[in-house]
Amino acid sequence: MAGKKKKIRKLKQKLKELRAHLETSGATPEAEPRTKKPLPVSPLAPVGGFPNLPEIAGVRFATVAAGVRYAGRTDVMLAELAPGSEIAGVFTRSATRSAPVLDCQDKIGGSADGGAAIVVNSGNANAFTGSHGMASVRELVSGVSRIVGVPEHRVFTSSTGVIGEPLPHDRIIAKIEDLKAGLSADGIAAAARAIMTTDTYPKGASATVKIDGKPVKIAGIAKGSGMIAPDMATMLVYIFTDAKIAQADLQGMLSQLTDRSFNCITVDSDTSTSDTLLLAATGASGVEITGDGIAPFREALSGVMLDLAHQVVRDGEGATKFVEIRVAGAADDADAKTAGMAIANSPLVKTALAGEDPNWGRIVMAIGKSGAQADRDKLAIRFGDIQVARDGWVDPDYKEEAGATYMKQSDLIIGVDMGLGDGAATVWTCDLTHAYISINADYRS
């Protein structure tokens, strides 16, 4: 009996040592890759599929299937940036943001010496994983730096997918040589597909603008479908340009335009732990963005960002309606946005939209609870061009049949006039259907 107890004690000690080793090494037991059927493409997807994006000089892309979570699915992308590329970024302000987000935040604004790399995996968010999360980031950064040949402080990682499961980073590191060998200037479309999770289609947008008679190109990709209520300053966005622009100017422009695009969309009111938007300027065009060139470049960049933001909403999990909410006459712009987002996030409004029910009373409810300054007797509401309510009451000429007919459209506009001041804002959302529940009820299975 004593000998048996001694053996048990030894086994327990070995188990304790093994656990300690796993903690310090960042290694964890990894589940085998599983399979999962792709979701049907959203009915709101852009006609014509993925756009033909221009090649951006100074950027090359590669993708692989590493089996991060699912077998046989391309799930890692690498973007290699030319030496001297400037990088700006905005990130989720979630209090539980992921290890990759924290690492990227620390690196933004650093030296632009040497090349740079962005590596992104889907299937696992590497969020809420304790010390394992940062250990995985360090291993990935080290591997990419060593194999691709860029400084560690210029390697940016992103992860998206399931929260709370250790990232099997060894599977990604084992594929870095393949990624390096596969780098190509025309690989951005494949990169857009590699970063998808519950997305039903890859998202891309581009613009070309002439500065001093010379073309400057911008191209971007995004992923996002659920857990979308960005507070940025599981949405990921990567935009590339061949413009030459100082990092401080690039950062200021990005932060400003984010507030007018990605921070004005919502699918389900849930802010991701992983929201990341990186903007890289390679300078390869030789065109400096200064003086009179700033305004046209900003306008082109704004168009790309807004296009991508709208595509994220159009791919909202289970969505059948794309909804633009225009709020005017608010006490100020901040109040207008507060009221707009309250409407956009209301489950009662969103389910009415799904049911094609012109239930304008729910819009009144959402405004009232929003916290924005409001006066019931000054409110006016429109569905498209249809005047539904004014002066705090239903419009005498409004016909319920007209509202119901309008709600059958896939693209809707809800207009609200608060009747108080000059504040205005526009936000975008989608409806809430049974499919959203189905997708999220078995997300981890």
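In this predicted model, the side chain of Arg154 comes to 3.4 Å from the backbone oxygen of Ala112. Arg154 is placed in the loop that runs between helix H3 (130-149) and strand S5 (155-162), and with a relative accessible area of 3% the residue is counted as buried, because the limit for that class is under 20%. Once neighbours within four places in sequence are set aside, the contacts of Arg154 include Ala82, Gly84, Ser85 and Ile87, together with a run of residues among which are Ser111, Ala112, Asp113 and Gly114. The C-alpha atoms of Arg154 and Ile108 are 9.0 Å apart in space, although 46 residues separate the two in sequence.

Lys107 belongs to helix H2 (residues 99-107), and a polar atom of its side chain lies 2.7 Å from the backbone oxygen of Val155. Beyond residues up to four places away in sequence, Lys107 touches Val141, Glu152, His153, Val155 and Phe156.

Elsewhere, helix H10 (residues 347-354) packs with helix H11 (residues 360-369) at an angle of about 160°, the axes being 9 Å apart. The two helices are therefore roughly antiparallel, a description that applies to angles over 145 degrees, and their crossing is left-handed. On the side of H10 the contact is formed by Leu348, Val349, Thr351 and Ala352, which meet Arg362, Ile363, Met365 and Ala366 of H11. Sorted by class, this contact comprises six nonpolar residues, one polar residue and one charged residue.

Notes: Residues are numbered from 1 along each chain as its sequence is written. This is a predicted model: local features need pLDDT of at least 70, side-chain atom pairs count only at pLDDT 80 or more; totals for chains, interfaces and linings use all residues. Side-chain values use heavy atoms; hydrogens and water are left out. Axes are lines fitted to C-alpha atoms, for helices over the stretch in contact, and angles run from 0 to 180 degrees between N-to-C directions. Helices (H or I, at least four residues) and strands (E, at least two) are DSSP runs, numbered from the N terminus. Angles under 35 degrees count as roughly parallel, over 145 as roughly antiparallel, 65 to 115 as roughly perpendicular and the rest as oblique. A crossing is left-handed if the near helix is turned anticlockwise from the far one by less than a right angle, and right-handed if clockwise. Contact means heavy atoms within 4.5 Å. Ala, Val, Leu, Ile, Met, Phe, Trp, Tyr, Cys and Pro count as nonpolar, Asp, Glu, Lys and Arg as charged, and the others, Gly among them, as polar. A polar contact is a pair of N or O atoms within 3.5 Å; within protein, one must be able to donate a hydrogen and the other to accept it, and residues adjacent in sequence count only if both atoms are side-chain atoms. Buried means under 20% relative accessible area, exposed over 50%, partly exposed in between (1.4 Å probe, protein chains only).
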